[in-house]
Amino acid sequence: MSRRSLVLGGTAALAAAGPLTACSRTAPAPPPHLTAPSPASGLPAAQAERALLLQVLAHPDDDLYFMNPDAQHAFGTGTPLVCVYVTAGEADGRNKTPGDRRPAPNKAAYSAARHQGLRQSYAAQLGLPLFTPWDITALRLRGGLQVELNSLEHRGRRVELIHLDLAMHTPAGHMGVPALWREPGLLLRTLVPDGSPLRTVQSYSHDALTGVLVELFERYRPTLVHTLDPDPDLQVSDRATQIRDSEQPGYSDHADHTAVACFTWAALIRWTQGAASGPPAVAVTAFRGYYNHHWPKNLPPQVLRPKAAHLVPYGAGPDWSCGDPSGCGDYNVGGDRPLTNRKGWVRATHHRYPGPRLALFPGADGTLTAYGVLGLRAVRYTEADGGSGFGRPVDLGGGPLAPVLGGAALPDGRHLILGLRLAAMGGRGARDVREIVALEQRGPGRYGSWTSLGNPEGTDADRGRRTGVPVAVTAPDGRVHLFVRNAAQGISTRVRDTAGSWSPWRDLGGGPVQDGLTAVVADGGVHVYAPGRDTVHHWTPDGPAPLAGLPVPADAVAFADGRLSYRPPASPRLLSPGGPPVDFPGYGPVAAAGPYLLGLGTDGRVQLLERGRVLRPATDPVTLDGPALVADRRGPTAAGLSPDARPWLWRPSRAKA
């Protein structure tokens, strides 16, 4: 009997495929193909000459709900934007309005209406009239597949919307893209929206979808990629709640979000590892999705208003006169409905890998060394002579790595770098595996090999995928304490002794908390703080050590000089429980070092609090999430990454109040 590909479009194919849920949950699974961390080359890493943001979304509106205000800040300051929408977003084909909850289904028209809504939203973001005409064409890719390309430019700013239009569901109502990720040998058809320049239905295999994303990365060479969460939290709920919350069984997100994120990471790995000229200069941000429903809302009104406003022209209404007979938007999202929806997705923006983008180490001479992730590999930056900025990055390998590294200085001054590695990312019945890896500095400019520290969940690959970003701190006795958020939403630890040996993983319990741990030494001991739904959670190396009566944090908690600092939900205020009031309005987490605090203003710009004064850099760098802060005898120093994947460095002696 000859082997055949199964086209996801009929009951026979569905019976063969089995239940269709999130990526890679088939059991039993073959042993994962674990790759070794890429070695450190020690060569200069690539640097980009210009910025470009490319976002990969499952549905029209994922960018507006989950990736703003980050995308707004980059796009609004001139970074060209490319959005790739994998599915047609047709759902059940019903473009619902408040007055008609069951209109006649028309999938081709509903998909086209959502396309039109996106064009209206991005025209408004460019400062153009809502119904400005776009250039809409078919783009032919290698292998013969075509995609729909919508382009618009205004005063040097450019946005391109690329629609692959894969069908969201099969005729039996199962989900297509999750099955395409998980099941070997499947094909998934596209849907042709009304009015599209594409006229025929196409079919995608697993390799074809990955290949198309790789080709788009090669074509546009982005310096920043936004994608969704490949490893959403475990979420226990009954079937009725899952349906009401639009979540996949067992996880806190839509199955399409998870599968598209998996495809995106697989394509990023293939692109960065296979580039003929070496790993490209690209940074990555992964955004939580329906997770936002379950955790504190972290956007204050000054940030929420413009984010929600971009959904208004996307949702539109049946009384809008856009000239598109299929419809003028996704009417169920029109007006103030994103703000009144009980799920509250628009009211938060959470990152899958929170924390400082650069791990900073001041040297004895005051020169700064920084470690970050570029092209999914670790890189080292060294401050240039005169403190004018960082020199060219040096490749340290380790990939493929999540975007945020942890680190600690060893007692002899050498650096220990820690990362969360995507050790296996293949789908099609294989397990997807995550591991914590470590790299030790051997001497000035010299490093050993990357070492796997495994995963706190052991051989349970599905639970292991929920592991968070590593943080570490060196105790007064010279031991290094490593902490990660685990699948149970508590924390786990390993300890490196002074001889370089690591203890086994140990579950410290506690929680539930968000990722974004803060590990510090205070009063001679090691302490860990994390944001919970109810309060700030606290651990010592012996286990949970609850703190009494602290207000709920919206994001990560900073600690320095004996004080906690964080923002409450939906507020620009900064809390410092037990201390005097702090006037430092903004949003998102803050970093603390000595008496200094660093964070983002409500406009997304970097700002520093120094002795009651709010300072800003003279050049106002556009920054990605996670600006970092250290303080030494010369005072505070801040650093981070920009949308062009280049580092910025700021010493506030050159600041403006």
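Predicted model: local features only at pLDDT ≥ 70, side-chain atom pairs only at ≥ 80, totals over all residues.

Biologist: What radius of gyration does the chain have, and does it agree or disagree with a compact globule?
Modeller: The chain has 657 residues, and a compact globule of that length would have a radius of gyration near 26 Å. The C-alpha atoms fill a box of roughly 70 × 60 × 50 Å along the principal axes. The chain's own value agrees with the globule rule; it is 24 Å.

Biologist: Which percentage of the residues counts as buried?
Modeller: The accessible surface comes to about 23900 Å², and 52% of that belongs to carbon and sulfur atoms. Residues count as buried under 20% relative accessible area. Of the 657 residues, the buried share is 63%.

Biologist: How many helices and strands are there, and what percentage of the contacts join residues at least 24 apart?
Modeller: The secondary structure comprises twelve helices and 37 strands. Taking contacts between residues at least 6 apart in sequence, the share joining residues at least 24 apart is 62%.

Biologist: What is the reach of helix H4 from its first C-alpha to its last?
Modeller: H4 runs over residues 107-125, which is 19 residues. At 1.5 Å a residue the expected span is 27 Å. The reach in the model is close to that, at 27 Å.

Biologist: Is H4 mostly covered or mostly uncovered, and how many of its residues are buried?
Modeller: An α-helix has 3.6 residues a turn, so residues three or four places apart point the same way. H4 is mostly covered. Of its 19 residues, the number buried is 17.

Biologist: Which residue caps the N-terminal end of H4?
Modeller: Just after the helix, Gly127 takes a positive phi of about 80 degrees. At the N-terminal end, a side-chain oxygen lies 3.4 Å from the backbone nitrogen of Ala108. The residue that supplies this oxygen is Asn106.

Biologist: Is Asn486 buried or exposed, and with which side chain does it make a polar contact?
Modeller: Asn486 sits in the loop between strand S21 (480-485) and strand S22 (491-496). Its relative accessible area is 2%, so Asn486 is buried. The side chain of Asn486 reaches the backbone nitrogen of Ala488 at 3.2 Å. A polar contact of 3.4 Å also joins it to the side chain of Asp507.

Biologist: Which residues does Pro541 touch, leaving out those up to four places away in sequence?
Modeller: Pro541 belongs to the loop between strand S26 (536-540) and strand S27 (543-544). Its C-alpha is separated by 35 Å from that of Ala430, 111 residues away along the chain. The residues touched by Pro541 are His481, Arg506, Leu508 and Val526.

Biologist: Are the rings of Tyr381 and Phe390 stacked, edge-to-face or tilted?
Modeller: The structure holds 15 aromatic pairs. The ring centres of Tyr381 and Phe390 are 5.8 Å apart, and their planes meet at 50 degrees. Planes under 30 degrees apart count as stacked and those over 60 as edge-to-face, so the pair is tilted.

Biologist: Which residues form one aromatic cluster?
Modeller: Rings pair if their centres lie within 6.5 Å. One aromatic cluster is formed by Tyr65, Phe66, Tyr290 and Trp345.

Biologist: Where are cis peptide bonds found?
Modeller: Most peptide bonds are trans. Pro69 lies in the loop between helix H2 (62-67) and helix H3 (70-76), and the bond to it from Asn68 is cis, with omega near 15 degrees. Pro512 lies in the loop between strand S23 (506-509) and strand S24 (518-522). A cis bond with omega of about 5 degrees joins Gly511 and Pro512.

How values were computed: Residues numbered from 1 in each chain as written. Heavy atoms only, no water. Helix = DSSP H or I, 4+ residues; strand = E, 2+ residues; numbered from the N terminus. Expected span 1.5 Å × (residues − 1). Buried < 20%, exposed > 50% of the residue type's maximum accessible area, 1.4 Å probe, protein only. Polar contact = N/O pair within 3.5 Å; in protein donor to acceptor, adjacent residues only side chain to side chain. Rg over C-alpha atoms; globule rule 2.2 N^0.38 Å. Contact = heavy atoms within 4.5 Å. Areas by Shrake-Rupley, 256 points an atom, 1.4 Å probe, with all protein chains shown as cover. Phe/Tyr/Trp six-rings, centres within 6.5 Å; stacked < 30°, edge-to-face > 60°.
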